[in-house]
Amino acid sequence: MTETIDPNEPLLRVADLTVEFPTDDGVVHAVRDLSFDLKPREVLGVVGESGSGKSVSSMAILGLLPRSARISGSISYRGQELNGLSYNEMRKFRGNSVSMIFQDPMTSLNPVFTVGAQLSEAYLEHHKVSKKAAWAKAVEALEQVGIPQPDRRAKQYPHEFSGGMRQRVVIAMAIINDPDVIIADEPTTALDVTVQAQILETLLRIRDDTNAAIIMITHDLGVVAGMVDKVQVMYAGTVVEAGTVDDVFDAPRMPYTVGLLGSNPDPSLIGQKLTPISGAPPSLVNLPTGCAFSPRCPLVAPVCHESEPDLLEIGGAVVHHSRCHRWNDLAGYEDPKKLFARKEIGAEEPLAALLIDNPEVVVEEHLADSGDKKEAAS
Ligand SMILES: Nc1ncnc2c1ncn2[C@@H]1O[C@H](COP(=O)(O)OP(=O)(O)OP(=O)(O)O)[C@@H](O)[C@H]1O
Ligand code: SF4
Ligand SMILES: [Mg+2]
């Protein structure tokens, strides 16, 4: 990044992004009204169950979705609209301005070329330099991601690297053109915990060295707690809660987030996974009327079936957002993880099931004593 960047101006601004896939079974509403911004050096964590639209929204940002995808809304990079650019027009931005690290390193690496050749080629895509200079840059990138003996390693093929080292090569590929935004789609899931920690450390160091912003898609609460500035919780293709880690983890204002946090009261360990919530996410072809989480929500009330809540600003240091008609009811709880004490909350419909497998929550205790409910906010 050679240009001057205003640290307060978003590098990336996604507004009302919607992605639909027409299929024989109907239209898949994969991403719905997704909005967020990303400033230089910010690390945004994106969490949510499988199928919630995390990868599709990233692919939309990079212009990598299949032609069948119908994309609307805005994806603006430093004020320039990217939505609507052709695959070729997007080449100028891909890698150079916004780059992506995929979960499976072999998606990004070609087994028949040396890693040095592949890194050089990625550099030459955006720079008019000699092959020798590009090779030197490849070696430098390997060094930057912590690969020992980068001169020698550059001449090797991907299969000669361990899983962790291979993922470092993929990171080298993602950073070789000095992007402003790095999207890491579950970059460590396949790796053991120690290697995961090293890879994450490497990414944060790269952020410090280059001022790149990072979008970190993960199922791992430890990663979110330890690494990100802001967190965005996705459900059924859209953001249902967003804010700082402290806001979202310590004061969740959307029952789905409470469910994800579930029995992980201390998500400080790398490797701590999200807790699955009982029931399945809705079909993205036939979404429920009203709130998409309503079939699984212990707080569901008639209003939830009438309209899908907007993503509302509900306060917080950075601005905490929730997409829930009843966020204020949750706010009345000292410990929202205990929201399953249905009577206290005053839900009007029977609680179908305790949706979170959390042995720490003793329902009867709260039914009998509502002492921890604070005065409801006005
Ligand atoms: N080309 C496509 N055609 C039809 N549906 C698609 C297509 N690509 C993705 N989808 C659907 O879009 C939805 C969102 O998928 P996406 O890959 O973004 O989920 P995800 O949140 O990344 O999940 P995971 O955590 O498993 O990676 C899914 O229901 C998926 O089946
Ligand atoms: S809007 Fe209603 S159904 Fe949806 S999460 Fe909030 S309380 Fe639950
Ligand atoms: Mg994905």
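Helix α5 (residues 131-144) contains 14 residues and spans 20 Å from its first C-alpha to its last, close to the 20 Å expected at 1.5 Å a residue; the expected span is 1.5 Å times one less than the number of residues. Helices (H or I, at least four residues) and strands (E, at least two) are DSSP runs numbered from the N terminus. The model is predicted, so that local features need pLDDT of at least 70 and side-chain atom pairs count only at pLDDT 80 or more, while totals for chains, interfaces and linings use all residues. Residues are numbered from 1 along each chain as its sequence is written, chains are lettered from A and ligands numbered from 1 in the order in which they are written, and side-chain values use heavy atoms, with hydrogens and water left out.

Ala134, Ala138, Val139, Ala141 and Leu142 of α5 are buried (under 20% relative accessible area; exposed, over 50%; partly exposed, in between; 1.4 Å probe, protein chains only). They lie on the same side of α5 because they cover an arc of only 160° around the axis, the arc being that of the directions from the helix axis to the C-beta atoms. Lys132 and Glu143 are exposed on the face of α5 turned away from its buried side. The cover over the buried residues of α5 includes α4 (115-124), α6 (150-153) and α7 (163-175). Gly146, with a positive phi near 85°, follows α5.

The largest pocket holds about 770 Å³ of space. On a 1 Å grid over the protein atoms alone, a pocket is an open set of points where a 1.4 Å probe fits, with protein on both sides within 12 Å along at least five of seven lines; lining residues have an atom within 4 Å of a point. Its lining comprises 22 residues, of which Arg94, Gly95, Ser108, Ala122 and Met173 are nearest the centre. Two or more lining residues come from each of α2 (87-91), β6 (98-101), α3 (105-108), α4 and α7.

Pro187 is located in the loop between β7 (181-185) and α8 (193-210). Its relative accessibility is 3%, and Pro187 therefore counts as buried. Beyond its neighbours within four places in sequence, Pro187 is in contact (heavy atoms within 4.5 Å) with Ile101, Gln167, Leu203, Met216 and Ile217. The C-alpha atoms of Pro187 and Arg168 are 9.7 Å apart, at a separation of 19 residues along the chain.

The chain has 15 helices and 12 strands, and 51% of its 378 residues count as buried.

How values were computed:
Points joined across faces, edges and corners; volume = space filled by probe spheres on them.
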